Amino acid sequence: MTTDTCAGLFTLLSVVTMRKVQVLILLVISLLPHTDAFYCACAKEAVNVRLGPGTNYPKVSTLYPGYCLMYHRVILLSGGYYWMKVVYDGQNAWVASNWVSVTPCEVPVILALLAIILCHRAEAFIVQCACATDAVRVRNRPGIWNTQVHVMFPGWCRRYLGETARAGDYVWRKIEYDNAPAWVPTNWTFTKQTMSTFAVFAVLVLAVLRHYTEASDCACAKGNVDLRGAAVLSSAVVGSLTAGDCLPYLGDTTTADNLLWLHLDLESQDVWAAADHLDLRVCEDVGDLELSADIGEVPEGVVENPENISSVPERIKRSTLQLPGCPTIITRAQWGARQPTEYIGNMARTPSFIFIHHGASAFCSSRTSCQSIIRGWQNQHIGQSYGDIGYNFMVGEDGNVYEGRGWSKIGAHTYNYNFNGIAISFIGNFQSRNPNLAALNAARQLINCAVRNGRVTSSYTLKGHRDLPGCPHIVTRAEWGARAPTSHIGNMAALPIYVFIHHGDGSECFDRASCITKLRIYQNYNMDTRGYSDIGYNFVIGEDGNAYEARGWSEIGAHTLGYNNNGIAICVIGNFDNHVPNAAALATVKQLIQCGLANGKINPNYTLKGHRDVGSTDCPGTALYNLIHTWPHYASGTALYG
């Protein structure tokens with residue numbers, strides 16, 4: 001979730017595009033009494049929004065969990081799915097019913113008053129925003145050679161400053177990001193109208209008026225929400241709300257850290273919460289919600305019998321970390337964490353995945369050494385534009401658990417699962433041995449604690465980081481002993497549209513040890529003889545059936561002249577002029593491509609090519625080259641994408 005004017009208001013005002021005609025429609029709807037005539041389709045999971053009822057129609061956006069669109073009450077069966085007709089950005093669109101729920105739309109009366117003002121002078125409220133259609137990199141100046149400052153994910157929007165410029169192969173759009181100018185390629189963004197900051201304050205004024213003229217208001221959580229002692233992210237967390245929990249709204253608002261904050265009452269204690277995860281509504285039986293400052297106040301037998309958890313009243317706890325049955329958790333303040341460099345939102349629902357990572361780092365057996373390593377991880381992750389350390393929790397061989405992003409924050413650890421999973425990373429490199437008993441027990445206790453206290457679903461799935469859908473076993477750079485790059489060239493501006501097949505033009509390898517030896521030879525040749533900053537390929541495949549990480553999914557390569565900025569290279573170790581790679585290697589190449597597609601690493605409309613298709617070379621060998629002609633997405637020719 002983003003937090004500037006463009007994005008925050010999508011949440012606050014149900015993604016209403018403020019054109020004058022739609023303002024009038026909104027006025028009519030909001031003045032009507034509440035009936036079943038108006039329904040919304042709300043996403044239960046991330047679901048594609050398409051121009052027509054079928055997967056063959058173009059995707060126009062992604063509707064994320066908790067977001068809603070107006071439903072036309074038209075449904076069609078196509079391609080095995082029931083498709084629901086909705087309104088997106090003022091036009092008809094369709095979503096598959098499997099991943100949405102239908103509910104009566106709740107349009108606050110406050111929007112009617114706002115609509116009257118907007119109709120009188122709508123242009124004072126309208127700004128242009130640039131919104132991402134795919135994951136796209138934000139740079140400080142136009143051109144992929146300039147510094148990456150952020151990443152915009154699908155559906156994220158930023159204020160469009162009205163300028164474009166051509167640099168390299170792309171036209172770039174000037175935006176405002178964190179109160180500073182920045183640039184994104186037009187290929188993966190579009191512009192739309194939304195409400196200005198002036199409109200936000202109009203909403204706030206009307207909200208205050210409504211507080212004094214209607215029944216008492218409550219702020220109800222749409223997901224996990226932190227409660228803080230003051231309206232600033234650096235203030236201590238004094239409690240939390242889960243989806244459906246409500247607290248009395250005291251009518252005060254303020255802005256800080258690019259967020260709108262609401263003043264709430266927690267058992268006569270003043271607290272503040274960010275408005276983008278709250279709904280304001282008339283209070284209904286809030287007194288039935290059991291509030292407890294005593295985190296140990298749990299009915300007898302509940303902790304010992306997880307099946308009874310559903311019978312426990314929802315609670316708001318003063319501590320969101322030290323829950324019943326949890327191991328000792330070293331807080332961020334205790335290990336000396338830096339403040340996040342950007343606002344990090346909460347997951348919209350209780351996570352259903354737990355991912356186990358390791359840091360591929362030094363080991364630690366004391367709190368001092370563990371904290372030192374974690375601070376290094378945080379610095380590294382912030383340097384990679386994650387905004388903070390990516391994991392939710394870290395576990396050391398001192399037996400302690402260390403707070404990362406905590407229970408509810410969206411992570412930056414496992415692509416495609418950051419919104420629905422928490423990550424626990426062991427401190428150390430566990431390629432050749434297991435963590436010690438103290439670390440294993442702490443991790444087990446943390447997982448049991450999460451289940452018992454509703455921090456993950458009771459039917460959660462446990463996975464290792466390498467267990468991404470459809471992926472082969474990938475040997476990391478740390479595992480094969482890669483040299484550090486001499487410089488960082490930068491990441492590709494968008495998902496690669498090309499996949500290039502290479503061969504290494506040398507002898508083959510059939511076991512991990514010999515393949516690693518070959519891989520190191522490739523890297524040394526690329527760096528020491530050719531003057532590259534690193535090995536040129538993105539991945540290397542051995543006939544041992546392993547995939548070896550080289551530059552990885554997003555780093556600009558040095559493999560195919562003219563295509564390094566928008567293509568990835570997969571090199572098979574060996575010379576394949578006269579024979580094709582063995583079945584294990586071929587299966588791994590195909591599986592790696594499917595892995596990239598399934599996990600958003602490769603553009604779904606990618607083109608497959610051999611190296612010789614775009615350069616004067618025999619690579620990837622005649623036999624292998626002839627074979628890939630039969631693979632999906634293969635196309636010869638040299639037309640550049642974009």
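This is a predicted model: local features need pLDDT of at least 70, side-chain atom pairs count only at pLDDT 80 or more; totals for chains, interfaces and linings use all residues.
Let me begin with the cores. The largest nonpolar core has 47 residues, and those that touch the most other members are Met152, Val499 and Leu608. Helix α10, residues 583-598, supplies the largest share of this core, with 6 residues. Because domain 2 (125-185) and domain 5 (474-629) both give residues to this core, it lies between them. Another core, of 22 residues, lies apart from it; Phe393, Trp407, Ile424 and Ala442 are among its members.

Returning to Met152, its contacts beyond four places in sequence include Ala130, Cys131, Val136, Cys157, Ile175, Tyr177 and Val184.

Which strands pair with β29? One is β32, residues 567-572, in the parallel sense over 6 bridges; here His502 stands opposite Cys571. Another is β33, residues 607-610, also parallel, over 4 bridges, with Phe500 opposite Lys609.

Finally, I come to Gln523, in helix α9, residues 512-529. Is Gln523 buried or exposed? Its relative accessibility is 1%, and buried means under 20%, so Gln523 counts as buried. The side chain of Gln523 makes a polar contact, at 2.8 Å, with the side chain of Asp534. Beyond four places in sequence, Gln523 also touches Arg477, Trp480, Ala482, Arg483 and Ile535.

Key
Residues are numbered from 1 along each chain as its sequence is written. Side-chain values use heavy atoms; hydrogens and water are left out. A nonpolar core is a set of buried Ala, Val, Leu, Ile, Met, Phe, Trp, Tyr and Cys residues joined through side-chain atoms within 4.5 Å. Buried means under 20% relative accessible area, exposed over 50%, partly exposed in between (1.4 Å probe, protein chains only). Helices (H or I, at least four residues) and strands (E, at least two) are DSSP runs, numbered from the N terminus. Domain bounds come from an automatic or database domain assignment. Contact means heavy atoms within 4.5 Å. A polar contact is a pair of N or O atoms within 3.5 Å; within protein, one must be able to donate a hydrogen and the other to accept it, and residues adjacent in sequence count only if both atoms are side-chain atoms. Two strands pair if DSSP finds at least two bridges between them.
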